[in-house]
Amino acid sequence: MNEKQMVTLAAKAADDKRAEDIVALNMNGVSLIADYFLICHGNSEKQVQAIAKEVKDQAFEQGMEVKRLEGYDQARWILVDLGSVIVHIFHKDERNYYNLEKLWGDAPHISLDEILA
């Protein structure tokens with residue numbers, strides 16, 4: 001599975017659990033951490049955990065390895081490391097504070113309109 005397919009899978013999984021403001025960033029040439037970031041948020045700890053669990057479950061279903069899952073118990077900022085794609089799932093109260101979209105403002109946005117339509 002290529003990176004764009006991984007981003008699509010993660011975006012659909014997050015959308016299935018009603019994640020809000022789903023944003024994909026192309027990190028190629030911007031960061032050594034990953035090729036793509038997917039950023040979204042939930043409105044409660046339970047929803048944030050449900051989004052992370054759905055991303056993880058969908059990845060496993062497609063035979064992808066989840067290299068790391070961090071922050072699940074606190075459910076304020078959960079990081080799901082899929083290798084070249086990292087999914088950041090925030091609690092709504094934390095998203096504006098960390099503001100990854102601004103921090104990585106030079107990374108091109110990937111349109112998810114067709115994927116999430």
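## Helices, hairpins and core of a predicted model

Let's start with glutamine 49, which sits in helix α2, spanning residues 45-61. Bear in mind that this is a predicted model. Is glutamine 49 buried or exposed? Its relative accessibility is 15%, and buried means under 20%, so glutamine 49 counts as buried. A polar atom of its side chain lies 2.8 Å from the backbone oxygen of tyrosine 72. If you skip the neighbours within four places in sequence, glutamine 49 is in contact with Tyr72, Asp73, Ala75 and Ile78.

Now for helix α1, residues 3-16. At the start of α1, a side-chain oxygen of asparagine 2 comes within 3.0 Å of the backbone nitrogen of lysine 4. After α1 comes arginine 18, with a positive phi near 60°. The buried residues of α1 are Met6, Val7, Leu9, Ala10, Ala11, Ala13 and Ala14. What do they pack against? The partners are β1 (20-26), β2 (36-42), α2, β5 (85-91) and α5 (113-116).

On to the nonpolar cores. The largest has 28 residues, and Ile22, Leu38, Val80, Leu82, Val87 and Ile89 touch the most other members. At least two residues of this core come from each of α1, β1, β2, α2, β4 (77-81) and β5. The most come from α1, which gives seven. There's also a second, separate core of 12 residues, with Val23, Ala34, Phe37 and Leu79 among them.

Back to valine 80: leaving out neighbours within four places in sequence, its contacts are Ala52, Val55, Val66, Arg68, Leu69, Val85, Ile86, Val87 and Ile89. Strand β4 is mostly covered, with four of its five residues buried.

How does β4 pair up with β3 (residues 68-70)? The two run antiparallel, over three bridges, and arginine 68 has aspartate 81 in β4 as its bridge partner. β4 is also antiparallel to β5, with five bridges joining them; here tryptophan 77 is partnered by phenylalanine 90 in β5. Each hairpin has a glycine with a positive phi, as laid out here.

| Hairpin | Residues between the strands | Glycine with positive phi |
|---|---|---|
| β3 and β4 | six residues | glycine 71, near 85° |
| β4 and β5 | three residues | glycine 83, near 95° |

How values were computed
Residues are numbered from 1 along each chain as its sequence is written. This is a predicted model: local features need pLDDT of at least 70, side-chain atom pairs count only at pLDDT 80 or more; totals for chains, interfaces and linings use all residues. Side-chain values use heavy atoms; hydrogens and water are left out. Buried means under 20% relative accessible area, exposed over 50%, partly exposed in between (1.4 Å probe, protein chains only). A polar contact is a pair of N or O atoms within 3.5 Å; within protein, one must be able to donate a hydrogen and the other to accept it, and residues adjacent in sequence count only if both atoms are side-chain atoms. Contact means heavy atoms within 4.5 Å. A nonpolar core is a set of buried Ala, Val, Leu, Ile, Met, Phe, Trp, Tyr and Cys residues joined through side-chain atoms within 4.5 Å. Two strands pair if DSSP finds at least two bridges between them.
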